Each structure stands twice: as C-alpha cells, then as structure tokens.
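Please read it with the sequence and the model side by side.

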Amino acid sequence: MPDDRWRQLDDDALERLLVERWLYRGVTLGVTLLAAVGVTWLGLRGVATLIDQMTVGVLVALALAAGILGFAMRQQDLRIHREIRRRRASRGREAPGA
C-alpha cells in the first residue's frame, strides 16, 4: 500500500495487511533463495559462456532486488506495528476513565 494510506485502516484491517505483506516477503525470500541456488549451481558447473555469465548477472540482480524490496517492506511493517501499538495504548488509557 503506497504512502501512508494504511493509517486510515482500522486495527483488524492493519493486521490483515501485515499478514498479506508477510506472505509477500516470504515470496521475495523464496526468489532470493532460488537465485542463490541457481548461481551456486552455475558456479559449481563452471561459468564458461557468455550466456552463463549473463544468467549469473540476472540472478544476482534479481536476488538483490528481492532483498531490497523485502527490507523496504519490513521497514514499512515496523511503522504499521508501531501504529497498532500506539492505538491500543491510547485506547487502554481511555478505558479506565470511561
């Protein structure tokens, strides 16, 4: 969810959004692991041709992109977690006086 539009969601919707983002990060981790396996396999086999070199380059770029995306998503998730905790803490302070 781009920008801070997630701030308009209620707590349940935020928790569902976090689960969805967790699944996306799992996919990015899978892509990174598959790229690592591919690069390792090519490295063990020997990178002899230009096609092999290009394949290694593409796999490394894909792994880096997936890693950066996963890291950026995690930073956003931390902001969402802090917002949920802030909302729950403010409701906790309001409840005894109500």
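Arg21 and Asp77 join their side chains in a salt bridge, 2.4 Å from N to O; a salt bridge here is a side-chain nitrogen of Lys or Arg within 4 Å of a carboxyl oxygen of Asp or Glu. The pair connects distant parts of the chain, since Arg21 belongs to helix α1 and Asp77 to helix α2, 56 residues apart. Helices (H or I, at least four residues) and strands (E, at least two) are DSSP runs, numbered from the N terminus. Arg21 and Asp77 are buried, where buried means under 20% relative accessible area, exposed over 50%, and partly exposed in between (1.4 Å probe, protein chains only).

The model is predicted: local features need pLDDT of at least 70, side-chain atom pairs count only at pLDDT 80 or more, and totals for chains, interfaces and linings use all residues. Residues are numbered from 1 along each chain as its sequence is written, and side-chain values use heavy atoms, with hydrogens and water left out.

Asp77 also forms a salt bridge with Arg25, at 2.0 Å from N to O. This pair again links α2 with α1, across 52 residues. Arg25 lies in helix α1, residues 11-45. Its relative accessible area is 18%, so Arg25 counts as buried. Leaving out residues up to four places away in sequence, Arg25 touches Gly70, Met73, Arg74 and Asp77; contact means heavy atoms within 4.5 Å.

Side chains of opposite charge can pair when their charged atoms come close. The structure has 9 salt bridges, and the table gives some of them.

| Pair | N to O distance |
|---|---|
| Arg21 and Asp77 | 2.4 Å |
| Asp77 and Arg25 | 2.0 Å |
| Arg86 and Glu83 | 2.6 Å |

Arg86 and Glu83 are both in helix α2, 3 residues apart, which is about one turn of the helix. Arg86 is partly exposed because its relative accessibility is 47%, while Glu83, at 9%, is buried. Salt bridges with shared partners join Arg7, Asp11, Glu83, Arg86, Arg87 and Arg91 into one network.

Which residues make up the largest nonpolar core? They are Trp6, Leu14, Leu17, Leu18, Ile80 and Ile84, 6 residues in total. A nonpolar core is a set of buried Ala, Val, Leu, Ile, Met, Phe, Trp, Tyr and Cys residues joined through side-chain atoms within 4.5 Å. Another core of 5 residues lies apart from it, including Ala35, Leu42, Val56 and Leu59.

The protein chain has 2 helices and 0 strands. Its radius of gyration, taken over C-alpha atoms, is 20 Å, well over the 13 Å that the globule rule gives for 98 residues, so the chain is more spread out than a compact globule; that rule is 2.2 Å times the number of residues to the power 0.38. Along the principal axes, the C-alpha atoms fill a box of roughly 75 × 20 × 15 Å. Of the 98 residues, 27% count as buried. Among contacts with a separation of 6 or more, 70% come from residues 24 or more positions apart. One C-alpha to C-alpha distance is that of Gln75 and Ala36: 24 Å in space and 39 residues in sequence.
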